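Please consult the sequence and the structure while reading.

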Amino acid sequence: MGRRRLRRRIGGAASLRRAARTGHGDLIDLSVFEAMIVTMGGLGAVTASVLGDDRAIAGRTLELPSIVPTADGLVGFCTITALQFSDFLVMIGRPDLADDADLASFAGRLRRRDEFLEIVHRWAADRTTEEIVELAAAMRIPVAPIGTPGTVTGIDHFRERGVFVPNGAGVPQPRPPYRGDALETAAPGRVPALGEHDGRPNRNPRPARGKETGAPGRPLEGVRIVDFTAFWAGPTATYTLAALGADVIKVEGLRRPDGMRFSGGRPPTWERWWEWGPVFLACNGGKRGLTLELSEPEARDIALRLVATADLVVENFSPRVMGNLGLDWAASGPPTPVP
């Protein structure tokens with residue numbers, strides 16, 4: 001889905017919620033450029049602001065490994081931490097490379113990019129995307145199938161969630177990206193013909209200057225969200241909700257903080273070096289932070305009491321993790337809320 005269309009739908013959903021709550025409507029004036037900037041989390045601007053002239057890479061960045069061809073498609077890896085990369089080497093049958101100090105660093109992998117990618121591609125060429133995803137997930141290596149025009153509609157979570165539906169021409173198209181009792185959504189309709197709506201009257205003219213609706217605050221003010229997410233996709237989603245006014249409380253542990261804190265920031269010789277990661281800062285703006293070591297009973301109790309006050313809980317762990325922590329729906333029980 002294009003960034004502009006996604007931002008329009010997010011803005012529309014937020015405005016519909018506020019209209020239902022307050023009776024006041026909104027005018028949504030969308031900038032294509034700003035939609036692109038917000039979708040990327042402002043990473044470039046944040047990196048320049050935080051690191052200044054110390055940015056290690058000023059141009060295009062790379063990942064190794066990243067998107068890899070398989071026997072029947074493509075698969076994507078993300079090995080940010082040392083443990084993830086070490087497990088990746090074990091998975092591809094090259095644990096001996098873990099002792100290669102050059103490959104242990106990203107700079108070294110970049111220098112030997114062709115050599116390293118040949119090893120990875122040779123391993124993946126005889127395996128299907130499904131086989132690789134299953135194996136990598138079992139080894140806790142961040143992985144995802146990469147959709148192509150021929151395979152994207154068959155990706156399991158898209159299929160199970162009914163993401164692709166026929167449009168007016170009978171061609172698969174993503175349905176609206178949100179569902180809920182408060183909003184009515186419709187399947188994609190027929191694409192208008194070129195010029196079909198030329199000359200139609202503007203049914204929603206811009207309000208006259210000085211005649212504001214008076215609707216207070218941002219659309220999601222008053223909504224509390226407990227955020228257990230980490231890395232990129234989850235924090236970016238809750239960042240958007242925070243920008244719309246939600247009170248987002250990000251929960252991290254001391255033993256396993258958000259791994260994005262350590263991506264592209266400062267070395268451990270710096271004071272509070274874990275607070276300098278530009279990727280982390282770019283997708284966690286506007287949130288409050290809470291440190292809870294969830295393996296400890298006292299911390300788990302605090303988390304449950306906090307969840308009892310929330311309108312929404314967001315997490316992006318593997319399916320078993322929340323249950324193992326005693327924080328899934330069945331195990332939580334009736335906690336005592338915190339103010």
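F85 is buried, because its relative accessible area is 7%; buried means under 20% relative accessible area, exposed over 50%, and partly exposed in between, with a 1.4 Å probe and protein chains only. F116 is likewise buried, with a relative accessible area of 1%.

The model is predicted: local features need pLDDT of at least 70 and side-chain atom pairs count only at pLDDT 80 or more, while totals for chains, interfaces and linings use all residues. Residues are numbered from 1 along each chain as its sequence is written, and side-chain values use heavy atoms, with hydrogens and water left out.

Rings of Phe, Tyr and Trp (for Trp, its six-membered ring) pair if their centres lie within 6.5 Å; planes under 30 degrees apart count as stacked, over 60 as edge-to-face and the rest as tilted. By this rule there are six aromatic pairs. Two of them are set out below.

| Pair | Centre to centre | Angle between planes | Class |
|---|---|---|---|
| F85 and F116 | 5.9 Å | 45° | tilted |
| F262 and W273 | 5.4 Å | 40° | tilted |

F85 belongs to helix α4 (residues 82-91) and F116 to helix α7 (residues 113-124), so their pair ties together parts that are 31 residues apart in sequence. Helices (H or I, at least four residues) and strands (E, at least two) are DSSP runs, numbered from the N terminus.

F262 and W273 both lie in the loop between β7 (247-252) and α11 (278-282), eleven residues apart. F262 is partly exposed, at a relative accessible area of 39%, and W273 is also partly exposed, at 24%. Ring pairs join F262, W273 and W274 into a cluster.

Charges also sit over rings, which requires NZ of Lys or CZ of Arg within 6 Å of the ring centre and within 35 degrees of the ring normal. R109 lies over the face of F85, 3.9 Å from the ring centre. R266 lies over the face of W276, at 4.9 Å from the ring centre.

The sheet is considered next. Strands of a sheet pair through backbone hydrogen bonds, either parallel or antiparallel. Here three strands form an open sheet in the order β1-β2-β3, with antiparallel pairing; two strands pair if DSSP finds at least two bridges between them. The edge strands, β1 (67-69) and β3 (143-146), each pair on one side only. Strand β2 (residues 74-77) pairs with β3 over four bridges, and G76 stands opposite A144 in β3.
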